[in-house]
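Visitor: I have not seen this structure before. Could you take me through it?
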Amino acid sequence: MIAVIGLLLGIIIGVLFDVNIPRELSPYISVAVFACLDSVFGALRASLSKNFRSDIFISGFFGNAVLAAGLAYLGDKLGIPVYLAAVIVFGGRIFNNFAVIRRALLEKTRLH
Amino acid sequence: MKNNEVNVFLFIACIIIGILISMNMSFNKNAIRVVLSTKQYQDASYEKLQLESQINSLIDELKTMNSKVQTYDSGFNSTKTVTDELNKEIQKNKMDLGYTAVTGEGIRFSVSDASEYLKFSTAEDRNYIVHDYDIMNILNDLKDAGAEAISINGQRIISTSSIFCSEVLIDINGVEFPKPFNFEAIGNKATLLSYMDSDENYLKYLRYVRKIHWDIETVDNLTIPAYNGNIKSDKISEAK
């Protein structure tokens with residue numbers, strides 16, 4: 001719930017300030033957003049299984065984003081679509097995490 | 001307590017993601033997305049390039065115009081500056097019209113009949129002789145290639161130049177010439193050479209189908225004489 005509120009708030013802030021990043025950078029930012037989303041799902045899952053650690057979350061959140069964007073940039077320069085690797089890995093992990101979160105939440109509701 | 005910490009981090013993280021997403025999305029309603037094929041994309045980017053170069057040349061023109069206006073404004077009190085500026089402009093116009101000899105880099109080639117194929121009786125002979133329309137087609141190609149000044153056998157080609165067939169001679173600007181026909185053109189020599197030498201151009205047709213000789217050489221310092229005739233302007237006047 002808190003995640004959705006934060007997301008909406010962030011979008012509203014972004015729209016209000018109307019900062020547009022250069023068109024050339026937009027693919028890299030997309031990959032970075034994907035990496036961040038993966039971290040958030042990971043954090044949700046960890047909080048549900050009660051082993052959330054803030055240092056891991058923060059380092060993963062920024063580290064993954066920077067690494068994904070950097071790899072995508074490097075791939076662009078080398079002519080290999082490396083961003084596909086980021087999309088596949090993060091996409092797969094998001095779905096995995098979501099599956100775990102779903103199960104955990106369903107377990108919780110069944111107990112009550 | 002632990003749960004609270006998670007919530008705070010998630011909240012902040014989600015705000016960041018939201019900002020990133022909204023930065024990356026364009027909420028511009030005018031942006032229509034079209035999926036292009038490779039060919040269309042190439043055409044579009046080519047068109048974009050052309051437009052950009054047009055814009056650049058227009059900006060250059062604007063700059064020169066502005067500086068001209070500035071000289072007129074600042075030299076309003078001294079007649080000499082204005083006359084100098086006007087003289088410079090007259091000189092430029094004369095050069096563009098072909099009334100002054102011009103010099104620059106360019107190409108030179110000579111076109112002549114395929115004498116060894118001539119049999120002096122057959123109808124085929126037509127093919128091996130340079131005609132007036134051949135000269136016109138070559139001229140057209142030169143102009144298309146971006147030649148800025150052209151002369152044939154020393155006759156400057158201007159907007160009113162004429163080319164006629166006159167028995168064995170060809171009449172250029174009212175002067176009759178026998179073969180060979182020496183073309184000289186000022187322009188970017190590399191562009192002119194590659195354009196005139198390309199397979200789809202008229203010169204290649206002359207060489208392969210009509211067996212007519214020519215050989216293009218690039219010249220760094222070509223001088224093309226001025227047009228020495230008069231342009232008749234009895235009946236024309238400026239339209240209002």
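Visitor: How many residues of chain B are in contact with chain A?
Guide: The model is a predicted one. Contact here means heavy atoms within 4.5 Å. On the chain A side 30 residues take part, and on the chain B side the number is 21.

Visitor: What is the area buried between chain B and chain A?
Guide: The size of an interface is often given as the accessible area lost when the parts come together. Carbon and sulfur atoms give 82% of that area here. The side of chain B that touches chain A has 15 nonpolar, four polar and two charged residues. The buried area is about 2300 Å².

Visitor: Which helix of chain A holds Leu8(A)?
Guide: Leu8(A) is part of a nonpolar surface patch with Val4(A), Ile12(A), Leu16(A) and Phe17(A). Together they have about 560 Å² of accessible area. Leu8(A) lies in residues 2-17, helix H1.

Visitor: Is the peptide bond from Lys179(B) to Pro180(B) cis or trans?
Guide: Pro180(B) sits in the loop between strand E6 (175-177) and strand E7 (181-186) of chain B. Omega of the bond from Lys179(B) is near -5°, and the bond is cis.

How values were computed: Residues are numbered from 1 along each chain as its sequence is written. Chains are lettered from A and ligands numbered from 1 in the order in which they are written. This is a predicted model: local features need pLDDT of at least 70, side-chain atom pairs count only at pLDDT 80 or more; totals for chains, interfaces and linings use all residues. Side-chain values use heavy atoms; hydrogens and water are left out. Buried area is the accessible area (1.4 Å probe) that two parts lose on being put together, summed over both. Ala, Val, Leu, Ile, Met, Phe, Trp, Tyr, Cys and Pro count as nonpolar, Asp, Glu, Lys and Arg as charged, and the others, Gly among them, as polar. Patches are made of residues with over 30% relative accessible area and no salt bridge: like charges are joined within 9 Å, nonpolar side chains (Val, Leu, Ile, Met, Phe, Trp, Tyr) within 5 Å. Accessible areas come from the Shrake-Rupley method with a 1.4 Å probe; for residues, only the protein chains shown count as cover. A salt bridge is a side-chain nitrogen of Lys or Arg within 4 Å of a carboxyl oxygen of Asp or Glu. Helices (H or I, at least four residues) and strands (E, at least two) are DSSP runs, numbered from the N terminus.
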